[in-house]
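Dear colleague,

Please find below the structure that I am handing over to you. My notes on what was found in it follow directly after.

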Amino acid sequence: DHVFTSGSPAEILLGHLRKEPQPPSKKAPRAAIPSRFDDLVLRCLEKDPGRRPASIAAVRRELENLLSEEKASREMAAGFRSATVEELDAMAIEFLENPDVPELAEEIVNLARGAKAWERGIDILKQAAEKLKDKGARKDLLYKLAAIYEKDVKDFDEAAKVYGRILELYPDDEVAEAGVMDSLRNLGRYDDLVVMILDKLSKAEDEKSRNGLLREIAALYEREVNEPSKALLVFLQLFESNPGDREISDAVARLADATNGWEEAFGTVNKILNQPNVPAERAVAVCNIGASWYASKLGRNDFALAFHQKALSLSPSDETALIGVARLLQSKGEYKDLINILQRLADTKPPGVEKRELRMEIASTYEHNLGDVKQAESIYSEILEEDPLAEEAFTSLEKILTRQERWKDLAKFA
C-alpha cells in the first residue's frame, strides 16, 4: 500500500515532505502487528535520513531479530502460558483504570488465554471499551475484541457485531467492513452478505468500484450459494458494460453452458448491438464474442459467420473477425472465399514473418485445395524474390519444379 494516497499529486508530494505516516498496525488493525515492527517501519520512513537505519543490512538484522522474538512469543502463546482467573482479575483492576494503554489490553488477552477464561477476558475488554472516550482508542480495543471472537473463540456472529460497532464509530472503515463480510461468509449468511455488497454498490461512485462489487456478488452466487443462474445474470450486467473483458465473457460462456442460459446471453448481445450510437469498437468486440460462442459452444457456424461478417462491415480490417471468418470458411471448404479473406488479413500486416506466413497459406491453398499450381508457384516465387532465405517457400517451389522437371527454373533459386 502507498504511504500517502489521497489528494492531488501535489498534495501527495507535500504529504511525503510534511506529514507523519501511519504505523502499519493502524493501516491493518486485524493483522495483530507488533509495536516493534511499527517502530522499525516508521524509522525507515523518517524524513531526516540521519534518523533512519544505517543500511539495508541493519534493517535486515533488526527484522530478523524481531521475527525471531515474535515467533517465540507466538509459540509461547500457542502453548498457553499458564495463568489463573485471579491473575486476570488482578490485572483487570489496573487495566480498567487505564483502558487506553495497549500493553495492558494485550496482557489481558494473554492472561485470558492462559487461564482459558475467554468469557471473563471478553467481559473485561467490553467494560474497558465503554470507559474510553477517545474514538480512536475505542476502535483499537474493539479490533482486539473482534480478533478474539474471530480467531480464538470462533464466534463469528459476535465478531460481526463488534465490527459493526466499529462501523458505527467510523462508517467508512474498510477494514471493519471486510471483517463483517468475512464473518458473514464464515457463518454462511450469504443473503446478508449480498445485501451488504448491494448497499456498497448503491454508494459506489465509479464504474471500476461497481464492477468489482458485481464480480464479488457473481462469485458468491456461483461458488458459495451454488446458484449459477443468478451468477449468470450478474455477469451479464458486467458484460453489458465491459464486453471486451475476456474474463467476463468467459464467465458468461461458462455459466450459460451450465444453465442453458444462451437465450439470456444472446439477448444481452443483441441489446448492446441495438443501442443507439453504439461505438463501432464496442460493437465489433460484441460481434466477435457472439461469433465465438456460436462456433465453439453451440456449433452454429452459420450464425458465427454472420456475426463476424457484421464485425467486418463495421471494421473491414479487424483481425479477430478476419481470422474467425478464415477458420469458418476453411471448415466449410470454401477456398476461394478463404483466399480473399487471407489476402485481406495479409494486407493488414507490415512486411515480415506474419505477412509471409499468410502468403504461404494462400499459396498452399491454391496448390493443395484449388489445384492452381501456377498461381501457387507465382506466390512462392514472389516470396523468394523478396527473401531468398525463405526456406519454406523454396521447399514448396522446389517440389513443384521438380515434379515438372523444370531444372533450369529451379537453378534460378538454388
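**The loop residue K297**

K297 is placed in the loop between α16 and α17, where helices (H or I, at least four residues) and strands (E, at least two) are DSSP runs, numbered from the N terminus. With a relative accessible area of 37%, K297 is partly exposed; buried means under 20% relative accessible area, exposed over 50%, and partly exposed in between, with a 1.4 Å probe and protein chains only. Leaving aside neighbours within four places in sequence, K297 is in contact with A253, D257, W262 and S292, contact being heavy atoms within 4.5 Å. From C-alpha to C-alpha, K297 and A256 are 9.6 Å apart in space, and they are 41 residues apart in sequence.

**Basis of the model**

The model is predicted: local features need pLDDT of at least 70 and side-chain atom pairs count only at pLDDT 80 or more, whereas totals for chains, interfaces and linings use all residues. Residues are numbered from 1 along each chain as its sequence is written, and side-chain values use heavy atoms, with hydrogens and water left out.

**Overall composition**

The protein chain has 23 helices and 0 strands. Of its 414 residues, 38% are buried. Among contacts in the chain with a separation of 6 or more, 46% are between residues 24 or more positions apart.

The largest nonpolar core has 113 residues, and F95 and W293 have the most contacts inside it. Such a core is a set of buried Ala, Val, Leu, Ile, Met, Phe, Trp, Tyr and Cys residues joined through side-chain atoms within 4.5 Å. Beyond its neighbours within four places in sequence, F95 is in contact with V101, L104, A105, I108, I124, L125, A128 and L141.

Helix α6 (residues 102–114) and helix α7 (residues 118–131) have axes that come within 8 Å and cross at roughly 165°. Axes are lines fitted to C-alpha atoms, for helices over the stretch in contact, and angles run from 0 to 180 degrees between N-to-C directions. The angle therefore makes α6 roughly antiparallel to α7; angles under 35 degrees count as roughly parallel, over 145 as roughly antiparallel, 65 to 115 as roughly perpendicular and the rest as oblique. The crossing of α6 and α7 is right-handed. A crossing is left-handed if the near helix is turned anticlockwise from the far one by less than a right angle, and right-handed if clockwise. From α6, the contact is made by A105, I108, V109, A112 and R113, and from α7 by W118, G121, I124 and L125. These residues divide into 7 nonpolar, 1 polar and 1 charged, where Ala, Val, Leu, Ile, Met, Phe, Trp, Tyr, Cys and Pro count as nonpolar, Asp, Glu, Lys and Arg as charged, and the others, Gly among them, as polar. Among the residues named here, A105, I108, I124 and L125 are also in contact with F95.

Helix α9 (residues 156–169) packs with helix α10 (residues 174–187) at an angle of about 160°, with axes 8 Å apart. That makes α9 roughly antiparallel to α10, and their crossing is left-handed. The contact is made by F156, D157, A159, A160, Y163, G164, I166 and L167 of α9, together with A176, E177, G179, V180, S183, N186 and L187 of α10. By class, the residues of this contact are 9 nonpolar, 4 polar and 2 charged.

Helix α16 (residues 280–296) and helix α17 (residues 301–314) pack at about 165°, their axes being 8 Å apart. They are therefore roughly antiparallel to each other, and the crossing is left-handed. The contact involves A283, V284, C287, N288, G290, A291, Y294 and A295 of α16, and N301, F303, A304, F307, H308, K310, A311 and L314 of α17. The contact has 11 nonpolar, 4 polar and 1 charged residues.

**Individual residues**

Most residues other than glycine have a negative phi. K154, which is not a glycine, has a positive phi of about 60°. K154 lies in the loop between α8 (135–153) and α9 and counts as exposed, at 53% relative accessibility. For E405, also not a glycine, phi is positive and near 55°. E405 is in the loop between α22 (391–403) and α23 (407–413), and at 57% relative accessibility E405 counts as exposed.

D140 is placed in helix α8 and counts as partly exposed, at 29% relative accessibility.

With kind regards
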